[in-house]
Amino acid sequence: MAELEGLIREYAQTEIPLLNSVSSHLLEAGGKRLRPVMVLLGGSLFRPPDERVMQAALVVEYLHTATLLHDDVVDGGETRRGHKAPRMLWGDEASVLSGDYLFSLAFHTLTRMRRPDVLELMSGTTTKMACGELQQLTRNFLDTSETVYYEIINCKTACLFGAATKMGALLSGASPEAAQSLYDYGAALGMAVQVVDDALDYGDTLQTGKPVGTDLQERKITLPLSHLLRQGSSEAQAAVQSILNEHVISDCHVTQVIGLMQDCGSIPYTLGAAQRFADEARTRLASLPDSPTRQLLSEITEFVVSRTS
């Protein structure tokens, strides 16, 4: 990981100072690096990571960072990873174009690997991610369907986790069956990650270090809000619908909705769903060779559902 951190910064450097500033601001802010870790561990099940696996880990981090840059513009995000979002410092145009550059850099790196199977995997994945973002953008806030919610997060989040784990395996000589098991593991893990993120959005800012209620203020129907709108009292449902129809959703509205979620048990319900996805991820490891790496993959499923930030 120390080597990867160095490469993440090195490969993103260009002759354009503005581009360097925007990309470095977000890349150097850190994050959990879970997605590139999936590449490294997916490969490590079969042999020590070589240069191509390290390059693949870079690709995944650049793709993820590109989506963050774009998402902040779409959502009007003001903070990211505990710092001001790049759009707040350099503007929307610079954020979008920097995201475009990182996306292009990722695919340029993939092309140089000369692995059509890997290129097809990642091109299909990014297409799916874009469809997920568009589906979320056009979803009516009156639609509280859990099925639609799971479809969206499978496309926008889980598929990249699955592809990252599978890509590392493919580049390390895994059989098609083993590589598919790792895709299924990664996708289930990614579902758990996103469901927990959506629960934390209604958590404690002091614990998470993130603004609370962002999804509500953007009128995104994530699992906690979906549960409240379906299982809350008629008074609670009416109050939430009234808030969603407000021109501006204030911090006071967020506090009110969090209180209603506490009464309804929406956060425990959401975390229970995340635990089920984590359990599913662990079952996908059963057919793979027993090793310290497989044990670590199993432990990561426990980490993603117990984290507080």
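I'm working from a predicted model, where local features need pLDDT of at least 70 and side-chain atom pairs count only at pLDDT 80 or more, while totals for chains, interfaces and linings use all residues. Residues are numbered from 1 along each chain as its sequence is written, and side-chain values use heavy atoms, with hydrogens and water left out.

**Helix α4**

I started with α4, residues 51–75. Helices here are DSSP runs (H or I, at least four residues), numbered from the N terminus. Is α4 enclosed or open? I found 18 of its 25 residues buried, so the rest of the structure largely encloses this helix.

Next I checked its length. The expected span is 1.5 Å times one less than the number of residues. For α4 that gives 36 Å, and the end C-alpha atoms are 36 Å apart, which agrees.

Then I looked at the ends. D50 caps the N-terminal end, with a side-chain oxygen 3.2 Å from the backbone nitrogen of R52. That's a polar contact (N or O atoms within 3.5 Å; within protein, one must be able to donate a hydrogen and the other to accept it, and residues adjacent in sequence count only if both atoms are side-chain atoms). Just after α4, G76 has a positive phi of about 70°.

**T109**

I moved on to T109, in helix α6 (residues 92–113). Its relative accessible area is 10%, so I logged T109 as buried. Skipping residues up to four places away in sequence, T109 touches Q55 and V59; contact means heavy atoms within 4.5 Å.

**S172**

S172 sits in the loop between α8 (146–171) and α9 (176–200). I noted S172 as buried because its relative accessibility is 4%. What does its side chain reach? The backbone oxygen of G168, at 3.0 Å. Beyond neighbours within four places in sequence, S172 contacts G43, F46, R47 and V53.

**Cores**

Last, I looked up the nonpolar cores, sets of buried Ala, Val, Leu, Ile, Met, Phe, Trp, Tyr and Cys residues joined through side-chain atoms within 4.5 Å. The largest has 77 residues, and those with the most contacts inside it include M38, Y62 and I300. Helix α9 gives the most to this core, 14 residues. Leaving out residues up to four places away, I saw M38 touching F161, A164, T165, Y185, L189, L297 and I300. Another core lies apart from that one, with 18 residues, among them F141, V240, L244 and L260.

Technical notes. Helices (H or I, at least four residues) and strands (E, at least two) are DSSP runs, numbered from the N terminus. Buried means under 20% relative accessible area, exposed over 50%, partly exposed in between (1.4 Å probe, protein chains only).
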